[in-house]
Amino acid sequence: MTASQVRLDGLDRLERYSRQMILPGWGKEGQLRLSEKSVTVVGCGALGSHIANHLARAGVGKLRLADRDFVEYSNLPRQALYSEADAAAGLPKAVAAANRLRQVNSLIEIEPHVVDVNADTVEDLIIGADLVMDGADNFEVRYLVNEACVKHGIPWVYGGVLGTYGLTAAIVPGETPCLYCLLGQMPPPGSVPTCETAGVLGPAAAIIAALESVEGLKLLLDRRDALLKSLVVVDVWTGDLERIQTQRGQTRCPVCDDRHFELLDAERGSLTAVLCGRHAVQIGPRPAQALNLAALAGRLKDIGPVVVNDYLLRFEVDGCQLTLFPDGRAIVKGTADPVQARALYARYVGT
Ligand SMILES: [Zn+2]
């Protein structure tokens, strides 16, 4: 047994948390409570990587990290857990985040899931969690998470960031308004600015992720009395900060009043999403279908150079880069046209 293992045993296991345990209402009891909690982080980009970092360092017992994408150099200005080596290796974000956080806190359990969060996968990812944290980059996933969390009665913390501003609210099904109550119907695709058109400032993401994490920690510590019960809107450039009090309104909500889960119950079909800020499209079968990457690499090797590892296969063709995952998904980089992406997938992977 090494010295570091000895130091991680017994009461020393709590020593690292001493600065937060002396906070009012926290204590050893609160710390032990955190160690028994499980959190799902949906998305490990700008928001999710900061959130996972905060919760792992705070000592949350189990983190389930879900993300569909891999690390690129253009992520590094905002996505705090990743390095140039991760981008060069093209590691999936969930795996790179787990690798980093295991170095930070070996006392907790970290479970990476390289997966598209959609109607087929979301319930498996959140069932058993005490809390879900929003690190997603699009409204469809947020509204889906909202439905799934209301259905299963799991608290979650919403957060979004764009340009220099962002917003966040903690949502406790049955107690607070849900996302649909707060924001109304999901905005149709193309109707709102995205990080592709408006950009995103790293510190804005860091602040929203920090605010989300604090509300999340209150929920995990069973301190619901301390929740802000507000939609918090912050612009880090202008310094404006607004708290809009939230409460259940008189209007019936289709999600939390009628339990009508439109996105969760949607018909299955193909998976197509234009990825925010990436000039890339994700496509693939729904539900997921296992893809044998090694066998596919054998078939593609005559077309051009193929890179394959445990997590993905990558090759370039027709000016696009295709990255394929074992669940059958592909991220086609070099186009924002779903038709072109689907054609490439059909030609080189199969339909
Ligand atoms: Zn609602």
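Donors are N, O and S atoms within 2.8 Å of the metal (3.2 Å for Na, K and Ca), and water is not among the atoms, so sites may look incomplete. In this predicted model, local features need pLDDT of at least 70 and side-chain atom pairs count only at pLDDT 80 or more, while totals for chains, interfaces and linings use all residues. Residues are numbered from 1 along each chain as its sequence is written, and side-chain values use heavy atoms, with hydrogens and water left out.

- The donor residues of the zinc ion follow the spacing C-x2-C-x71-C-x2-C in sequence.
- Cys181 lies in helix α10 (residues 179-183) and Cys253 in the loop between β8 (240-245) and β9 (270-275), so this pair ties together parts 72 residues apart in sequence.
- Helices (H or I, at least four residues) and strands (E, at least two) are DSSP runs, numbered from the N terminus.
- The protein donors are the SG atoms of Cys178, Cys181, Cys253 and Cys256, at 2.2 to 2.3 Å from the zinc ion.
- The 4 donor atoms subtend angles of 98 to 116° around the zinc ion, which makes the arrangement tetrahedral (four donors, all angles between 85 and 135 degrees).

**Helix packing**

- Helix α5 (residues 46-58) packs against helix α7 (residues 93-104) at an angle of about 30°, their axes being 10 Å apart.
- The two helices α5 and α7 are therefore roughly parallel (angles under 35 degrees).
- Ala52, Asn53, Ala56 and Arg57 of α5 make the contact with Arg100, Leu101 and Val104 of α7 (heavy atoms within 4.5 Å).

Key
Four donors count as tetrahedral if all angles lie between 85 and 135 degrees; four count as square planar and six as octahedral if opposite donors are over 155 degrees apart and all others between 65 and 115; anything else is irregular. Axes are lines fitted to C-alpha atoms, for helices over the stretch in contact, and angles run from 0 to 180 degrees between N-to-C directions. Angles under 35 degrees count as roughly parallel, over 145 as roughly antiparallel, 65 to 115 as roughly perpendicular and the rest as oblique.
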